[in-house]
Amino acid sequence: MTVETVATAPIAGQKPGTSGLRKKTHVFMGPHYLENFVQATFDAIGGVAGKTLVLGGDGRYFNDRAAQVILRMAAANGAVRVIVGTGAILSTPAASHLIRLHGTDGGIILSASHNPGGPDEDFGIKFNTPNGGPAPESVTEAIFARTQSIAEYRILSAQDLDLSAPGRRDLGGMAVDVVDPVADYAALMEGLFDFAAIRALFAGGFRMRMDSMCAVTGPYAREILERRLGAAPGTVVNATPLPDFGGLHPDPNPVWAKALMDEMMGPDAPDFGAASDGDGDRNMVVGRGIYVSPSDSLAVLAANAHLAPGYAGGLKGVARSMPTSAAVDRVARALGLPAYETPTGWKFFGNLLDAGRATLCGEESFGTGSDHVREKDGLWAILMWLNILAVRRQSVADILADHWARYGRTYYSRHDFEAIESARAEAMMTALRDSLADLPGQAIGGLTVQAADDFAYADPVDGSVSRHQGVRVLFADGSRIVLRLSGTGTEGATLRLYLERFEPDPARFGLDPQDALAPVIAAAHRIARIAEFTGRSQPDVIT
Ligand code: G16
């Protein structure tokens, strides 16, 4: 085995977005594309000589090939050890846990998360730092800068390594520890939640449907829900991870997890439904006949976390991304907890979690998690709900009703306009930003603008400032709209329009969110001139 130094040249566009570098799979499979980005990552973190890394991915098409390349590059760059999931599979939260458990120098996760997979779909890669969390902007910017000056990369010439079963292998003097992807993660969950209470719940006839969407959580959910907690065999569906996710879009929302939604809204629905995404960090939860919006889910978990043994001592604080609804803020106020508002992207929670300022974090984009790892964690959220249901012995609908009765209901929805021509989307955002100063005081369809800005975040821990994180328009009645362009898409631009209205009147808790939000939706279209700039008046996806 010899180390080759391969001459290369910068490839344009290797700028990580909201969560790592995501591109079409064929782009990643192009000459030097993956290698350039991996070498740039190694260089940006001061090299990997003498270091230990974790490696794994969500099993999508090219995951196996990419993992072999990265192992050979890690060996050629002097890494001493790589811990890799069997078959190069690790869910994102499980990878985060392994980095923390073994105190490694970070890890590489292969995933485009909720984006579809396959030769014509998406692939992605991201670096997580030694705290287990996604690299902060300072690191991703250094990686991007390095991709623009790279001239060579190092790779071992070697055969593929057998990753099909646990055990230690040698790759040119570097130890490769192949580990069971599920075991350590399942043990972590067992330490946080009241498995005995959840087992008793299932033993009493409680029925659940878990849709793993042919993605990475299948083996994790089977082991934890069916084997350890005694849920009925077959509770987990779409449980075999497939390279193309069975042609499904592995995004757990009411649109892409429609089969689950139909079952939960239909006759004889199970008591509880849940779904997770491509790499296992997202979750959707549904009760019999009732959908739980992610913002409400975060608020309910914050209000009830003390019922789970791992959180019995209470929370240090809560954090949400700016576009997420303020429902959790109301819980924080009632509990006397600090509440933080960060830009979109889990990486912004890392400092708060590390500094012990927040225990629970969440986002409207179906992400919820805690300080047990440094990623959002789909199965964690589902188990937290199960723990709460097992202790309270109420239905999901009753728990939500209780919650709204106490805190009021925050109607919330996100409208996505996908694959817009990038120049049009940028022009719309520019015009909107230019109009911000004139908006306060304007009355638009019965709503008066109170304030409007372009969200900037000053990290309270390290003082770093992130600007242009989304336009917010606040109305006098407390309603709010937020507009930003997605940082995870791979085709054109996706405009995200976030809509929110607080309702204190219990007589009005039963509305359809789209009806409750109708005036806010109309105002958003008028203020941002969405149709004029993008040619679209209807969203592609509503969550
Ligand atoms: C990633 C980030 C999340 C973010 C989501 C959507 O999730 O980790 O923090 O909310 O993307 O981002 P955007 O609105 O920019 O598309 P995931 O599950 O895709 O890794």
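Trainee: How do the residues of the shell around the ligand divide into nonpolar, polar and charged?
Mentor: One is nonpolar, 10 are polar and eight are charged. Keep in mind that this is a predicted model.

Trainee: Which residues are closest to the ligand?
Mentor: Glu363, Arg484, Ser486, Thr488 and Arg496. In total, 19 residues surround the ligand.

Trainee: What does the side chain of Arg496 do there, in terms of distance to an oxygen atom of the ligand?
Mentor: An N or O atom of the Arg496 side chain is 2.6 Å from a ligand oxygen. Arg484 also has a polar side-chain atom 2.6 Å from an oxygen of the ligand. For Thr18, a side-chain N or O atom lies 2.6 Å from a ligand oxygen.

Trainee: And how much of the accessible area of the ligand does the protein cover?
Mentor: 99% of it. On its own, the ligand has 460 Å² of accessible area.

Trainee: Which pocket is the space taken by the ligand?
Mentor: The second largest pocket. Its volume is about 640 Å³.

Trainee: What lines the second largest pocket?
Mentor: 42 residues. His114, Asn115, Thr488, Gly489 and Arg496 lie nearest its centre.

Trainee: How does the lining of the second largest pocket split by class?
Mentor: Seven nonpolar, 16 polar and 19 charged residues.

Trainee: Changing topic. What is the volume of the largest pocket?
Mentor: About 960 Å³.

Trainee: Which residues lie nearest the centre of the largest pocket?
Mentor: Gly17, Thr18, Leu485, Ser486 and Gly487. They are part of a lining of 38 residues. Two of those names came up at the ligand: Ser486 is among the closest residues, and Thr18 has a side-chain N or O atom 2.6 Å from a ligand oxygen.

Trainee: Which elements give two or more residues to the lining of the largest pocket?
Mentor: Strands E2 (21-24), E23 (465-466), E25 (480-485) and E26 (493-503), plus helices H5 (137-147) and H15 (422-435). E2 and E26 are also listed for the second largest pocket.

Trainee: Last one. How many nonpolar, polar and charged residues are in the lining of the largest pocket?
Mentor: Nine nonpolar, 18 polar and 11 charged.

Technical notes:
Residues numbered from 1 in each chain as written. Predicted model: local features only at pLDDT ≥ 70, side-chain atom pairs only at ≥ 80, totals over all residues. Heavy atoms only, no water. 1 Å grid on protein atoms, 1.4 Å probe; cavity = no way out; pocket = protein on both sides within 12 Å on 5 of 7 lines; lining within 4 Å. Points joined across faces, edges and corners; volume = space filled by probe spheres on them. Helix = DSSP H or I, 4+ residues; strand = E, 2+ residues; numbered from the N terminus. Nonpolar A, V, L, I, M, F, W, Y, C, P; charged D, E, K, R; others polar. Near = heavy atom within 4 Å. Polar contact = N/O pair within 3.5 Å; in protein donor to acceptor, adjacent residues only side chain to side chain. Areas by Shrake-Rupley, 256 points an atom, 1.4 Å probe, with all protein chains shown as cover. Sits in = over half its atoms within 2 Å of the grid points.
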